[in-house]
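The entries follow in the order in which I checked them.

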Amino acid sequence: MTSRNVLGRPPYAPLAGIAAGVLGLGVAELIAALAGGASPLLALGDRVIDLTPRWLKEAAVATFGTADKPILLACVGLVTLVLLGVAGALAVRRPALGVGMLLLLGAIDIAALLADRADNGRTGVIALVIGLAVGITALILLTRTLRDTDGPATEAEAPEGFDRRRFLVAAAAVTAAGAAGGVGAKVVTGRRLPVTNVAIPAAVSPAAPLPAGAELRIDGLTPHLTPVDDFYRIDIALLTPRVDVTDYRLKIHGLVDRPIELTYEDLLAMPLYERRVTICCVSNEVGGDLIGNATWTGVRIRDVLKRAGLSPDADAVKSTGADGITIGTPLEALTDGRDALLAIAQDGEPLTRDHGFPVRMVVPGLYGYVSATKWLTDLEVTRFADFRAYWTDRGWSAEGPIKTESRIDLPGEDTMPGEVTVAGVAWAQHRGVSKVEVRIDDGPWQPATLAAEDSIDTWRQWTYRWDATEGEHRIQARAYDRTGTPQTADEAPPAPDGATGYPTRTVNVG
Ligand SMILES: Nc1nc2c(c(=O)[nH]1)N[C@H]1C(S)=C(S)[C@@H](COP(=O)(O)O)O[C@H]1N2
Ligand SMILES: [Mo]
C-alpha cells in the first residue's frame, strides 16, 4: 500500500455501515407505516425532545424559531449516521462488534418507541426488529468484501482483490433502497393511517342504510361515498399536527355557565351519532373537486354545549385547531337540530391525521372554513362581534353557508355520436337537492334523472340521456334546492363566500 492509497482512500467501512443502517431504517419505516405503527425515527426524535432540558429547548426555539423541530430531526439523523459509520468501521475489524453496535442502536430506538404511547409503538417495534435484521444482514455482506481472508483489515485499507466499483455500486443500491423505503413510508403515513389504534364504540344512532338507488354506479361518475384516500384535503398546516390522544383535552368555555374540559375518553363515552355528510371547501371552483361525502361518527356539538350551559348572549362558537387556526361558526347551526358533530371517525375508522385526528367538527350546510375545524382543541362560545377568525381576517366572509351547486362528471371531452350519458353530482347541503336540469347548446332546460335522496345533508348524483350529434357541443347543468330555488347563473369566484355559476362542459362528438 502506498501512503496515498491509505490517506486518499474513501472510508469504505463507515460507508458500508451507513448504507446498511439506512436500508434497515428504511425497511423499518416502511413496514411501520404500512402496519400503522409509530415511525422509529420520529419516535426517537420525540424522545429526544422529551429528554431535552427546558433551557436548551427554549434556546433552540429562540435561535431557530419554528425550524427547531426540523433542525432537531436533522441532528438526530446526523448522530445516527455517525454511529452507523462507527458500526461499519467496527464490523470490518470484527463483525460481532459491528452487529453489536447496530443492536445497541436498535435497543435505544425500541425504548423510544415503547415510550411513545399515542402512536402505536409496539407495531413500530416489530417493524424495527425486521429492519434491524435486514440492516445487520446488509452490514455483514457489505463488510465481508472489505475483510481480508487472512485477518482483519482497517477501514482505511481494503484487502487485495477488493472490487471498489462493485462495492460502491452495492453500497449505493442499498442506500437507495433504504431511502426509497423512507420516502414510501412518508407517502403512506402522510395519506392514510390513523395515529393510533383507538377503537370507536358503536353509535347509539347509526347512519340510516343507504337508500337503494342513491348510488347510480355509472362508470366515471363520482361515487356517492368518497373513500378516505380520495377525500380532498385543505388546511393551513405545513406539518400535519400530531395530537396525542392520551393527553387530548377539549376546552369548552366563554359565554357558558360552567367551562368544561373533555378528554378523548369522555367523548367516546358520550352518545355517538353516525351520519353521512358532504363537506365542501369555499375555495371550490365551479366544476371543482374540493368536495367529498363521508360517513362521520361523533358526538353532537349541541350535547357538548349543553353540558357547559349556553349564555343567551352568545351567537357564535370560535373553535381552534392544534395548527393554530381559528374558525367561527354560527351558534345556531350548532344547536338548531342538524347533525353538527365533533367527529372522531370517518367511514368507521378513527380520523386520519390528514383529516383531523383525533377530533374534528363537521357541520352540515356550512363551508369547511367556517365549520370543519380539524385537530380541534378549543370551543369558545362567543359573539361574532367580539372576534375575527383566521379566514375572516384574510377577507373571507364571517359566515359561509354552502351555495347550491352542481358538477358535470360525464361525458369527457370527446365522445361518439348517439346516446351519451351525461352525469354528475349536485349539492345544497341541509336544504337538499330537489331537481337538476341539463341544457345542450343553450337549448331549453331538460330535467335530469336524480338518484335516490340519501339525505338533505349529502350531495345527489344525477344522470341525463343525451342523443349526441356530431360536432362541438356545450353542456350545462343547474340544481334546485328543496325551497325550489335554482342555483344562480351569476358567475362568482370563490372569494369571499363561495363560487357560483353553471358548470359547463364542451364536448367534441365525432
Ligand atoms: N385545523 C384546521 N381545520 C381546518 C382547516 C385548517 O386549515 N386547519 N381547513 C378548513 C377547510 S378550509 C376545509 S375546506 C376543511 C377541509 O377538510 P378536509 O381536509 O378533511 O377535507 O377543513 C377545515 N378545517
Ligand atoms: Mo375550505
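Before the first entry I set down the convention that I need: a crossing is right-handed if the near helix is turned clockwise from the far one by less than a right angle, and left-handed if anticlockwise. The model is predicted, and I read every value below as computed from it.

Entry on helix packing. By that convention I noted that H2 passes H7 in a right-handed crossing. The contact draws on residues of H2 including Gly 17, Leu 23, Gly 24, Val 27 and Ile 31, and on residues of H7 among them Gly 124, Leu 128, Gly 131, Val 134 and Leu 142. Sorting the residues of this contact, I found 16 nonpolar, 7 polar and no charged. I then looked up the geometry: H2, spanning residues 12-35, packs against H7, spanning residues 121-144, at an angle of about 155 degrees, and their axes lie 7 Å apart. Since angles over 145 degrees count as roughly antiparallel, the two helices H2 and H7 are therefore roughly antiparallel to each other.

Entry on cysteines. Which cysteine sulfur is closest to that of Cys 280? I found it in Cys 281, at 6.9 Å, which is too far for a bond. Cys 280 counts as buried because its relative accessibility is 2%, whereas Cys 75, at 43%, counts as partly exposed. The structure as a whole holds 0 disulfides.

Entry on the whole chain. I listed 11 helices and 19 strands in the protein chain, and noted that buried residues make up 50% of its 510 residues. Of the contacts with a separation of 6 or more, 75% join residues 24 or more positions apart.

Technical notes. Residues are numbered from 1 along each chain as its sequence is written. Chains are lettered from A and ligands numbered from 1 in the order in which they are written. This is a predicted model: local features need pLDDT of at least 70, side-chain atom pairs count only at pLDDT 80 or more; totals for chains, interfaces and linings use all residues. Side-chain values use heavy atoms; hydrogens and water are left out. Axes are lines fitted to C-alpha atoms, for helices over the stretch in contact, and angles run from 0 to 180 degrees between N-to-C directions. Helices (H or I, at least four residues) and strands (E, at least two) are DSSP runs, numbered from the N terminus. Angles under 35 degrees count as roughly parallel, over 145 as roughly antiparallel, 65 to 115 as roughly perpendicular and the rest as oblique. Contact means heavy atoms within 4.5 Å. Ala, Val, Leu, Ile, Met, Phe, Trp, Tyr, Cys and Pro count as nonpolar, Asp, Glu, Lys and Arg as charged, and the others, Gly among them, as polar. A disulfide is a pair of cysteine sulfur atoms within 2.5 Å. Buried means under 20% relative accessible area, exposed over 50%, partly exposed in between (1.4 Å probe, protein chains only).
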